[in-house]
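Hello,

Here is the structure I promised to hand over. My notes follow below it.

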Amino acid sequence: GDYVVDPGGAYRPASVDPVLYAQRHADRCLSGPNEFRSEDGRTADFWTSCQRQAMCLDVTPAQMSVDVCKNQAFANMSAQCTATFGQTGPDYEACLNVANGHAAWSKENLLGGWVCQPAGPGTNTRFLPSNNNRYCS
């Protein structure tokens, strides 16, 4: 994908709010762990869902609502739980509980509002980002 990991803000234009930028370009899920791992080693990945949520929030409210972004993130995490652990059992339930914690934290703490897409090293700016956003100038 074209998610830009930039926790230090090296690519943040001066006109972009630093708090909002930090939320959108973190190097981890801010809402909880990047994954849920069962005792037998199976892993449901949440990091991709967190990245997609951040990119979705970048284009709010013009292209998407904040609630839709956050609900999609939970749906994506839930799908990871199902794909990894099936639809029943203690690992599936524990995974969903972690996904629910992500959703609750996100609804309370993640901010909406448009943020331009930073261009990191190797970014081909001839094409729009995957979320149809605009690159920072």
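The buried residues of H2 are covered by elements that include H1, E2, H3 and H4. Helices (H or I, at least four residues) and strands (E, at least two) are DSSP runs, numbered from the N terminus. Contact means heavy atoms within 4.5 Å. Buried means under 20% relative accessible area, exposed means over 50%, and partly exposed lies in between (1.4 Å probe, protein chains only). Of the 12 residues of H2, 10 are buried, so the helix is largely enclosed by the rest of the structure. Among them are Trp47, Cys50, Met55 and Asp58. The length agrees too: at 1.5 Å a residue the 12 residues of H2 should span 16 Å, and the end C-alpha atoms are 17 Å apart. That expected span is 1.5 Å times one less than the number of residues.

Before you go further, note that this is a predicted model: local features need pLDDT of at least 70, side-chain atom pairs count only at pLDDT 80 or more, and totals for chains, interfaces and linings use all residues. Residues are numbered from 1 along each chain as its sequence is written, and side-chain values use heavy atoms, with hydrogens and water left out.

Disulfides

A search of the whole structure finds four disulfides (cysteine sulfur atoms within 2.5 Å). Counting bonded cysteines along the chain, they follow the pattern 1-2, 3-4, 5-6, 7-8.

- Cys56 and Cys69 have their sulfur atoms 2.0 Å apart. The pair links helix H2 to helix H3, 13 residues apart. Cys56 is buried at 9%, and Cys69 is buried at 1%.
- Cys81 is joined to Cys95, S to S 2.0 Å. Cys81 lies in helix H3 and Cys95 in helix H4, so the bond ties together parts 14 residues apart in sequence. This link is left-handed, with -80 degrees about the S-S bond. Cys81 has a relative accessible area of 0%, and Cys95 has 0%.
- Cys116 and Cys136 form a disulfide with sulfur atoms 2.0 Å apart. Both Cys116 and Cys136 sit in the segment after H4, 20 residues apart. Their link is right-handed, with 95 degrees about the S-S bond.

Cores

A nonpolar core is a set of buried Ala, Val, Leu, Ile, Met, Phe, Trp, Tyr and Cys residues joined through side-chain atoms within 4.5 Å. The largest has 17 residues, and those with the most contacts inside it are Tyr3, Phe46, Cys81, Phe85 and Cys95. Helices H2 (47-58), H3 (66-85) and H4 (90-109) each give two or more residues to this core. A second, separate core has six residues, including Val16, Leu20, Tyr21 and Cys136.

Salt bridges

How many salt bridges does the structure hold? There are four. A salt bridge is a side-chain nitrogen of Lys or Arg within 4 Å of a carboxyl oxygen of Asp or Glu.

Arg24 pairs with Asp58, with the closest N and O atoms 2.8 Å apart. Arg24 is in helix H1 (residues 18-24) and Asp58 in helix H2, 34 residues apart. Arg24 is buried at 1%, and Asp58 is buried at 0%.

Arg42 bridges to Asp40 at 3.0 Å between the closest N and O atoms. Arg42 also meets Asp91 in a salt bridge (2.9 Å, N to O). Arg42 lies in the loop between strand E1 (35-37) and strand E2 (43-45) and Asp91 in helix H4, so this pair ties together parts 49 residues apart in sequence. Shared partners join Asp40, Arg42 and Asp91 into one network. Asp40 is exposed at 52%, while Arg42 is partly exposed at 33%.

Two loop residues

Ser31 is in the loop between H1 and E1, and is buried at 11%. A polar contact of 2.5 Å joins the side chains of Ser31 and His102. Such a contact is a pair of N or O atoms within 3.5 Å; within protein, one must be able to donate a hydrogen and the other to accept it, and residues adjacent in sequence count only if both atoms are side-chain atoms.

His25 lies in the loop between H1 and E1. His25 is buried at 1%. Beyond its neighbours within four places in sequence, His25 contacts residues including Tyr3, Asp58 and Gln117.

Best wishes
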